Amino acid sequence: MKTKEITKFEKYFLFVLFFELFAGGGGRFIEIGPLSIRQVLFIGILLIFGCRFILNKDSRKELLSYFIKPNTAIFWLSIAMVVWIGASALLGIMNHHGLGMIVTDSLRVIFVILIIPFIYYIDEKRFSVKNLVTVLFWATLVVSLITITITLIGKFMTDSQFYYFYKDVNALFPGDLYFRPSRGVFYKSHFLVLFTLIIGTIKLMEKQLTKFQGLVMVLGTVSVILSETRGLYLGYLVGLLTYVLTKIVIYFWGNRQSLALSKKNNVRRLIILVVAIMGTFYFYTNSTISRFSEPGGASQSEYQEEQPVEDVSMNVRLVLFQDSIRIIKASKVGAIVGNGYGTKIGDRITGIEMSFVDIYVEQGLIGTLIWLLYALLPLYYFFRSFMIRKKLDNINIGLLGCTLAMILVTNINPFLNGPIGLGFLLPVIVLSYKLFRDSKDNKNEEVA
């Protein structure tokens, strides 16, 4: 089927939508009446695509072509996700959980339905992977500049000055900033900065990094180091490991010519890889020491002027994990189907840091499997495409590395089951699916 371009308005709207998802933290920076800017953009893209679907016959025909033969993993898992979200909301009501919390949990994951407009819009002739990566780098630039500025200002303030600065900054970014004892700051959108660093490092090793991207890489690296977020270092290592393993698979079972195997290139890749890994281990260790030993700064919930703040993140996670196990063991039925949205874990009613544990408690074993399989769809489709083409482009290796890093990091800080994680995962799923579909179609044409 011949792909037709979209209007400039639709393309610009997608740029704004993804920029807000990538740089907007929790999505509450701007509010329009009772709605946040993220909710407005979510509703907006559905309305825009709804108009296209109703008024444009070719658009309807193309969209339905993805689902007219519902024998694809992306179709069935998307249906399963939506159905189980509804079932979890119903379970929450049946278990007499707070209606407000049920609605909050449901709205947080209902972003999954954007797979419908995305499967149409995300295409090389509409909103391409290049466009997506461009937005990611620009969002990282903005996030890095903001977080570096906040951190450096905080580090050069006295305790009394920092007390008021802390309150003002948190009022500006409600619920999105987490200050370390050393006054380093973690912002929720640092999660997307991680993806930029993974993709950027691969581009650097393959000599595909532009000057602008190099600048963003430097600022993003400084921002992550100052944030002292150990989970991001682990995710970065997963991204690098994905790159190495994928290249090994291509070398032994794929098209070696696609690897550009010259001695000079291999030495370059090895040096960058070794420096990146050693640097990651060094800063991971350094941030651990810093977070547990340096005085000063402020906790997320309350700043105490006369008392140093301790990093208690591991203890908090342990308590929440133990309470989650207690809830799961309390009912065999609950262990299978979950306890529904709005379930209270420890003192939390809005979710916990460990995404898959949170999913297990609320949506049971069934929901956990659905979420895990959905998150692994890029791996599934990239692998099937590789089996046909015998190669995988560097940008796709980077996207795969980001996806696998997400699966790890979301068990330390919650991202997957929310707009931040889904806002990145959904377009990657679509890109991997279309790559497989195109690979399959091209193979059939060659055979014919």
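Modeller: In this predicted model, the side chains of Arg126 and Glu62 come together in a salt bridge, with 2.8 Å from N to O. Arg126 belongs to the loop between helix 6 (115–121) and helix 7 (129–155), while Glu62 belongs to helix 3 (residues 57–67), so this pair ties together parts that lie 64 residues apart in sequence. Arg126 has a relative accessible area of 2% and is therefore buried, and Glu62, at 5% relative accessibility, counts as buried because the cut-off is under 20%.

The loop between helix 6 and helix 7 also holds Asp123, whose partner Lys434 lies in helix 18 (residues 419–447), so here the parts tied together are 311 residues apart in sequence. The side chains of Lys434 and Asp123 meet at 3.5 Å, N to O, and both residues are buried.

A further salt bridge joins Asp159 to Arg183, with the closest N and O atoms 2.4 Å apart. Asp159 is in helix 8 (residues 159–172) and Arg183 in the loop between strand 3 (177–179) and strand 4 (185–187), so that distant parts of the chain, 24 residues apart, are linked. In this pair Asp159 is partly exposed, with a relative accessible area of 37%, whereas Arg183 is buried at 6%.

Over the whole structure, the search finds 11 salt bridges.

Definitions and conventions: Residues are numbered from 1 along each chain as its sequence is written. This is a predicted model: local features need pLDDT of at least 70, side-chain atom pairs count only at pLDDT 80 or more; totals for chains, interfaces and linings use all residues. Side-chain values use heavy atoms; hydrogens and water are left out. A salt bridge is a side-chain nitrogen of Lys or Arg within 4 Å of a carboxyl oxygen of Asp or Glu. Helices (H or I, at least four residues) and strands (E, at least two) are DSSP runs, numbered from the N terminus. Buried means under 20% relative accessible area, exposed over 50%, partly exposed in between (1.4 Å probe, protein chains only).
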